[in-house]
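Student: I would like to go through this structure and ask what stands behind each term. Please give the cut-offs as we go.

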Protein chains: 2
Amino acid sequence: MTQASRRYFELFNEIGIIAQLTRTIMEQRLPDGLSQPHFTVLNHLVRLGDGATPGGLANAFQVPRNSMTNTLAGLEKRGLVEIRPNPDDARSRHVFLTEAGRKFREQAIDSLSEDINRFAEKVPLQDIEAVIPALARMRKVLDENRRQ
Amino acid sequence: MTQASRRYFELFNEIGIIAQLTRTIMEQRLPDGLSQPHFTVLNHLVRLGDGATPGGLANAFQVPRNSMTNTLAGLEKRGLVEIRPNPDDARSRHVFLTEAGRKFREQAIDSLSEDINRFAEKVPLQDIEAVIPALARMRKVLDENRRQ
DNA sequence: ATTATATAGTTCGATATCGAACTTAACAGG
DNA sequence: CCTGTTAAGTTCGATATCGAACTATATAAT
């Protein structure tokens with residue numbers, strides 16, 4: 001492994017640590033049985049629109065389809081999403097946010113304000129703006145290159 | 001939630017996606033029952049030195065102590081680490097890398113070369129160098145600020 | 001039309017992860 | 001000492017996640 005490769009490796013290591021730390025912070029804010037996967041699905045539906053299929057979500061998050069089945073069951077049980085059949089394809093289903101789901105996602109984000117403000121005292125917004133585009137590009141490359 | 005906060009939120013979202021994608025890539029390369037937590041522990045021991053305690057590792061990775069017990073059991077079963085009692089504190093133990101553990105970690109990193117090279121074709125090294133310092137700072141802030 | 005193949009989703013058994021309670025040992029105050 | 005508290009690690013039961021096999025439906029080939 002070359003010296004350059006090690007820098008890439010270091011980058012992904014830093015990213016992994018940050019993801020782990022922020023995941024822990026987020027899950028401390030989420031109520032009862034809800035975890036990051038639940039929130040992430042809600043967030044995805046808000047950002048990219050309603051009506052995604054379970055398989056599409058599984059693919060988006062790189063988890064097995066049955067794991068998504070389980071995550072969606074948890075969301076549905078709590079009334080945060082509604083799953084309706086696809087009229088054009090009896091195999092398929094579509095996931096829709098409920099009002100409670102949208103509200104829950106907003107509240108979850110709000111509950112993180114305190115943490116973000118504390119973080120923002122140490123890391124100014126311009127530092128964030130400076131890295132977002134590069135990270136978005138990397139995310140896109142990884143996303144396009146992945147198999148299946 | 002302010003507009004600025006949303007940018008922080010977006011950053012952590014990008015980081016979370018990248019971590020998820022790279023985790024999947026890595027676990028495809030790891031043999032049989034070994035997962036990212038196993039590798040991450042080996043990597044940590046190489047980077048920061050032998051002899052850490054199970055509790056210290058659990059704290060470093062923000063996982064419960066019993067989860068670390070389980071991860072270490074997997075590593076020990078495969079002969080990648082050796083766990084010895086602390087002569088000065090009968091409650092405590094120390095984790096040491098074996099030669100097999102060091103070699104395994106090297107091989108795991110090498111097996112990722114292909115993926116990294118493909119990624120490097122799309123994202124040049126200078127982009128990596130440009131963001132590592134900022135991310136390292138963020139990681140440090142998160143690490144210092146966390147509770148427990 | 002019939003058969004083969006592919007796709008969407010679920011079920012099942014095994015493993016991982018977690019919170020809570022427990023065990024053992026160190027430490028602190030009287 | 002003795003007692004209460006803290007700390008390190010494990011055990012236990014519950015839940016999450018996973019790979020593999022299965023069901024049902026759609027698509028393709030002839």
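Student: What makes up chain A in terms of helices and strands?

Tutor: Chain A has seven helices and two strands; these are DSSP runs numbered from the N terminus, helices being H or I with at least four residues and strands E with at least two. Along the sequence the pattern of chain A reads α-α-α-α-β-β-α-α-α. This is a predicted model, in which local features need pLDDT of at least 70, side-chain atom pairs count only at pLDDT 80 or more, and totals for chains, interfaces and linings use all residues. Residues are numbered from 1 along each chain as its sequence is written, while chains are lettered from A and ligands numbered from 1 in the order in which they are written.

Student: What share of chain A is buried, and what makes a residue count as buried?

Tutor: Buried residues are 26% of the 148 residues in chain A. A residue is buried if 20 or more other C-beta atoms, placed from the backbone, lie within 10 Å of its own; with 12 or fewer it is exposed, and in between partly exposed. The C-alpha atoms of chain A fill a box of roughly 55 × 40 × 25 Å along the principal axes.

Student: Why are helix 2 and helix 4 of chain A called roughly perpendicular?

Tutor: Helix 2 (residues 36-48) and helix 4 of chain A pack at about 80°, with axes 10 Å apart. The axes are lines fitted to C-alpha atoms over the stretch in contact, and angles run from 0 to 180 degrees between N-to-C directions. Angles under 35 degrees count as roughly parallel, over 145 as roughly antiparallel, 65 to 115 as roughly perpendicular and the rest as oblique. The two helices of chain A are therefore roughly perpendicular to each other.

Student: Which residues make that contact?

Tutor: A:Pro37, A:His38 and A:Val41 of helix 2 of chain A meet A:Thr71, A:Gly74 and A:Leu75 of helix 4 of chain A. Two residues are in contact if their C-beta atoms, placed from the backbone, lie within 7 Å. By class, three are nonpolar, three polar and none charged. Nonpolar means Ala, Val, Leu, Ile, Met, Phe, Trp, Tyr, Cys and Pro, charged means Asp, Glu, Lys and Arg, and the others, Gly among them, are polar.

Student: What makes a residue count as near DNA strand C, and which come closest?

Tutor: A residue is near a strand if its C-beta atom, placed from the backbone, lies within 6 Å of it. DNA strand C is surrounded by 22 residues, the closest being A:Thr53, A:Gly55, A:Asn66, A:Thr69 and B:Ser67. Helix 4 of chain B gives the most to this surface, with five residues. The surface near DNA strand C has five nonpolar, twelve polar and five charged residues.
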